[in-house]
Amino acid sequence: MSKIKYVLGLYLLIFVTLQIWCSFITFHYPYIGIYLEPTPQQQWIIKELSPEGAGMKLDVQLGDLVQQVDGKPPEESSFVYKWRTIEQAQNFVIVRDGREYTIDVNSIRGDISYDIVPIIEESVCLIMAILLFVKMRGSSSARLLSAVFLTMAIIYMSMGASVRGDAVGKLIIASLMMLLPIVFYHFLVIFFNEKGNINLPSKPLKYLYSIVALSFGIRSLYFYPPMAYTLFRYHNSVTLSFFMVGFLFNMGILTILYVKVRKQRSYITSIIKSVWLSWMISFLPVICYSFLPKVIMEYQFLDAVYTSWIILFFPISFAYLIASDQLYDVGLVIRRILFAGLLAVIPVSLFTGTFILFFHQTTDEKQISFIFVGSLILLTSVLYAAEYWTMRLESFLFPRKFVLQSALKKISKNLGTISSFRELKDIILVDIVETLQVMGAAIVFQYKSETEIIYEGELDAAEIQKLVNTPLLPDHPLYTFIEMNSHEAYTSYLVITRKKTNMLLGKEEIQWLRLITSYLEVSLENVHLIRKLTVRLQQLASQLPQENTAQDIQWFRKVMFELQEEERIRIAMDLHDTTMQDLFFLNRRLAALGEKYALHKEDQEQLSSMIQFVEMINAGLRQSCFELNPHLLKEVGLIQTLEMYLEKEAYTTPFQLKFIVKEAYAIESKDLLTKRHIFRIVQELLNNAKKHSQATKVMFQITEANERFCLSYEDDGVGFDDKEVRQKRVGSSGMGIEQIRSRIGHMGGQLEFITQARRGMKVVISIPVEEVKSA
């Protein structure tokens with residue numbers, strides 16, 4: 001570990017040293033860009049002026065005779081002697097038409113962008129190299145890609161020093177330009193082995209690295225002046241040719257690899273295709289517009305400083321592949337860019353033509369080309385990114401659309417939780433009213449014999465029902481009707497009122513509502529099927545056999561009882577958390593009004609009666625909640641819960657109610673669900689007595705004998721014919737006699753009816769204490 005740290009520290013020291021040296025050369029000396037050639041008379045004349053150099057701003061011309069550089073003959077200047085250029089000079093003397101001119105270089109700077117662009121490119125490469133090395137050091141391909149970025153960063157770093165005639169800069173940039181395609185290929189070898197177990201040839205790597213090392217050794221002669229120019233004459237052609245050959249080598253390897261696996265339609269095929277396209281996009285522009293023209297014609301269509309930006313696309317795309325471990329569709333990206341470019345051509349052409357029309361006398365071809373190409377690139381980029389930024393800034397650019405889409409996502413998410421029609425109000429209608437800011441909204445279910453309306457807000461339900469029952473839905477000025485489901489069982493509608501501002505709904509909002517209804521149609525159909533299934537299950541439950549031998553339906557009884565209890569508990573909790581709380585605060589506000597203001601006696605009495613009425617409603621709701629969810633069963637047990645329940649009921653029943661317990665406390669040791677079964681049976685028998693018995697006396701008795709728990713019910717009411725027992729319903733909750741039989745049978749008990757018309761009824765239920773089954 002210490003050896004690795006030492007090596008890394010040494011590399012870091014070398015890099016920092018090179019960075020300081022190259023930065024010093026770049027920012028201390030201007031880039032002059034004046035190239036010379038000797039005449040047969042051993043004189044030096046100006047051969048070329050770089051467009052980006054300061055020489056373009058100096059009073060010099062091609063063919064001027066250079067007589068002195070910094071007070072010495074040109075051949076004594078190391079830069080003229082080694083590179084045939086004037087760099088890092090303070091001044092020089094030229095002769096033109098027999099007259100001498102002293103040119104001061106320090107007062108002039110070259111194109112600043114020529115220095116800034118490589119620094120930005122270097123910074124991007126360094127950041128990517130550090131991120132890859134730090135974040136994904138466990139990946140071999142990530143470490144090699146980091147080396148690729150570092151190589152590119154050093155190339156950009158040395159660019160400024162190289163063009164200013166620094167031997168270190170020229171040595172570094174030439175060597176690393178030859179090294180770059182080799183490091184790329186080394187990276188591809190590791191990457192494809194890591195991602196797809198594909199083994200690319202690795203033996204050429206040691207020979208290629210040897211060539212670069214040999215080239216570096218030969219170029220070290222740049223520091224030996226007599227040999228410097230001899231080597232420098234072939235500097236550009238050898239370096240750029242090797243780079244392009246390396247590009248073609250990598251291109252050929254990728255093409256052969258793609259041909260081999262293209263029919264597999266696998267993940268690795270997509271990777272190879274993405275790599276091939278990324279490689280082409282990255283390197284073709286710099287080769288076609290900069291390197292190839294430089295080698296053939298010694299002239300660049302575009303300077304490599306600018307075209308080399310595109311090279312970053314390749315390693316950055318690989319950084320994405322390694323970091324995310326997923327592919328992007330390069331073909332789709334290219335098609336989108338081309339489409340955006342085609343859309344941009346027409347407006348850019350019109351803009352450029354207009355510019356030429358008005359300013360043709362003061363513009364040249366370069367300015368026109370710059371305006372056209374720059375505008376085309378800019379508009380293409382804007383069109384390409386428009387979709388992304390429109391989505392990101394949608395809440396600011398299209399606030400209404402954003403609100404509607406957010407509400408749609410919320411409603412569609414909540415639709416999956418609907419299991420009954422009454423949940424539609426809280427889950428759907430409330431959101432629709434709030435989103436559209438309408439007075440009210442309703443969902444209407446029109447059956448053959450009745451109409452059911454669920455609504456939220458201010459809405460006339462009677463008028464809606466009347467409108468729905470007309471043969472054709474009218475074009476009403478106040479309501480918007482949207483039909484959802486329509487079949488034999490029922491037809492459903494979504495009804496929306498006007499907005500709170502008394503405006504009709506807009507087209508965008510109507511379209512949004514139709515999209516909501518398309519979601520609602522499926523959800524309503526599911527709820528309708530759930531309701532039909534529930535009814536069918538209840539019918540099936542009422543027909544279940546009472547014999548203990550029917551063991552195969554025990555699971556069905558258990559599910560039915562659990563669903564009933566869950567629904568009762570949910571309703572009780574909803575009442576307690578909403579309606580009862582509202583009544584409680586209403587009571588407090590009414591009492592506060594009576595205390596705050598001095599009211600007349602009549603007003604005070606009326607207010608007191610209102611408070612008492614609210615308290616009565618609250619008490620009734622509390623009793624209903626208890627009946628729905630008898631929580632005391634868990635706290636005080638079955639016997640005390642029945643005593644409290646029947647004691648309260650005795651105050652409101654039209655008959656005398658008695659409850660007798662004789663040493664039956666062994667039942668308290670049983671589970672909660674068993675006690676709940678017994679409580680529900682008592683509850684139903686009492687409800688039946690209040691509604692149908694016409695009795696004057698009703699008695700419940702609990703006893704225990706012979707290890708059996710016995711519950712008996714007896715009244716002196718009208719009774720009924722024993723033959724009708726299986727068809728008679730027993731209470732308002734919808735439990736038939738056969739359902740009571742199911743509860744008792746599930747607990748392993750027995751049920752006996754003793755009844756006769758006009759002679760009362762007696763029910764005896766016995767349950768084994770030791771073998772009570774849980775629900």
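Mentor: In this predicted model, strand β9 (residues 479-486) pairs with β10 over 6 bridges in the antiparallel sense. Strands are DSSP runs of E, at least two residues, and helices are runs of H or I, at least four residues, numbered from the N terminus; two strands pair if DSSP finds at least two bridges between them. Residues are numbered from 1 along each chain as its sequence is written. The model is predicted, so local features need pLDDT of at least 70, side-chain atom pairs count only at pLDDT 80 or more, and totals for chains, interfaces and linings use all residues, while side-chain values use heavy atoms, without hydrogens and water.

Trainee: Which residue of β10 is the bridge partner of Ile482?

Mentor: Leu494 is the partner of Ile482. Strands β9 and β10 form a hairpin, with 3 residues between them.

Trainee: Which residue stands opposite Thr491 of β10?

Mentor: That residue is Gln446. Strand β7 (residues 440-447) runs antiparallel to β10, and 7 bridges join the two.

Trainee: Which way do the side chains of a strand point?

Mentor: In a regular strand they alternate between the two faces of the sheet. In β10, Tyr490, Ser492, Leu494 and Ile496 point one way, and Thr491, Tyr493, Val495 and Thr497 point the other way.

Trainee: Why is β10 described as largely enclosed by the rest of the structure?

Mentor: Buried means under 20% relative accessible area, exposed over 50%, and partly exposed in between (1.4 Å probe, protein chains only). Strand β10 (residues 490-497) is largely enclosed because 8 of its 8 residues are buried.

Trainee: Is Tyr11 buried or exposed?

Mentor: Tyr11 counts as exposed because its relative accessibility is 54%. Tyr11 is found in helix α1.
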